[in-house]
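Have the sequence and the 3D view open side by side for this one. We'll go from the overall layout down to a few individual residues.

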Amino acid sequence: MMAGEHSSRDLSALLVPLAEELLVLPSAVVVEIIRRRDLVRPLRAPAWLLGMLHWHEATIPVLCFEALNGGALSDTGHGGRIVIMSALGDGGRWRNYALLAQGVPHLLLTTAADVHPDPERTPGRTECMKVRVHGQDAAIPDLDAVEVAL
């Protein structure tokens, strides 16, 4: 393999900083990352729904992953980014939705061998598993469960 080429076993993901840990998102589902904006919060919305965002002629929900996952609501309001994602399922209500990041996500090019399950930590209700990636605590979300909650 020549310099600059990647093995077919390489995984392209984004490490999204949350309040307490990192979230590992497959880069294929991330459509765009934008600066934190003011959101319009619907009446009687669940606590994890931070509000609605007008984006490319559509209105999409922005959620706090930590709160949806059973943790505390975290929204610093400053320095955060909105990670806009494409829904995996065909039959859901939303083609796109977004997660609030507590900083700037960054690209991670890794292999499956670099991702180690962490049996010492218990996944939340919208996580597939807790992992260690390059020595950092992270979680792999259950995007199907996230989309069902929407």
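**A walk through the fold**

The protein has two helices and eleven strands; helices (H or I, at least four residues) and strands (E, at least two) are DSSP runs, numbered from the N terminus. Before going further, note that this is a predicted model, in which local features need pLDDT of at least 70 and side-chain atom pairs count only at pLDDT 80 or more, while totals for chains, interfaces and linings use all residues. Residues are numbered from 1 along each chain as its sequence is written, and side-chain values use heavy atoms, with hydrogens and water left out.

Reading from the N terminus, the elements go β-β-β-β-β-α-β-β-β-β-β-β-α. Of the 150 residues, 44% count as buried, where buried means under 20% relative accessible area, exposed over 50%, and partly exposed in between (1.4 Å probe, protein chains only). Among the contacts in the protein with a separation of 6 or more, 55% are between residues 24 or more positions apart; a contact means heavy atoms within 4.5 Å.

Let's take the six-stranded sheet. It is open, with mixed pairing, and its order is β8-β1-β2-β11-β10-β9; two strands pair if DSSP finds at least two bridges between them. Strands β8 and β9 (115–117) sit at the edges with a single partner strand each, so one side of each has no neighbour in the sheet. From one strand to the next, the twist averages 40 degrees. For that angle, axes are lines fitted to C-alpha atoms (for helices over the stretch in contact), and angles run from 0 to 180 degrees between N-to-C directions.

Now zoom in on β2. A hairpin of four residues joins β1 to β2, and the two strands pair in the antiparallel sense over five bridges. You can pick out the partners yourself: L15 is bridged to V24 in β2, and P17 stands opposite L22 in β2. With β11, the pairing of β2 is parallel, over two bridges, and L23 has A139 in β11 as its bridge partner. Four of the five residues of β2 are buried, so this strand is largely enclosed by the rest of the structure.

Which strands each supply at least two residues of the lining of the largest pocket? They are β1 (10–17), β2 (22–26), β8 (106–111) and β11 (136–141). The lining has 14 residues, of which L11, A13, V24, V115 and I140 lie nearest the centre of the pocket. V24, then, is both a lining residue and the bridge partner of L15. As for how that is worked out, a 1 Å grid is laid over the protein atoms alone; a cavity is a set of points where a 1.4 Å probe fits but cannot get out, a pocket is an open set with protein on both sides within 12 Å along at least five of seven lines, and lining residues have an atom within 4 Å of a point.

Strand β4 runs antiparallel to β5 (residues 58–63), joined by six bridges.

W55 lies in β4, opposite A58 in β5. Is W55 buried or exposed? At 9% relative accessibility, W55 counts as buried. Leaving out residues up to four places away in sequence, W55 touches V31, E32, I60, I84 and N96. W55 and Y97 are 42 residues apart in sequence and 10.0 Å apart in space, C-alpha to C-alpha.

Last stop: N69, in the loop between α1 (65–68) and β6 (81–86). N69 counts as buried, at 15% relative accessibility. Its side chain makes a polar contact of 3.2 Å with the side chain of E127. Not counting residues up to four places away in sequence, N69 touches G124, R125, T126 and E127.

Note on methods:
A polar contact is a pair of N or O atoms within 3.5 Å; within protein, one must be able to donate a hydrogen and the other to accept it, and residues adjacent in sequence count only if both atoms are side-chain atoms.
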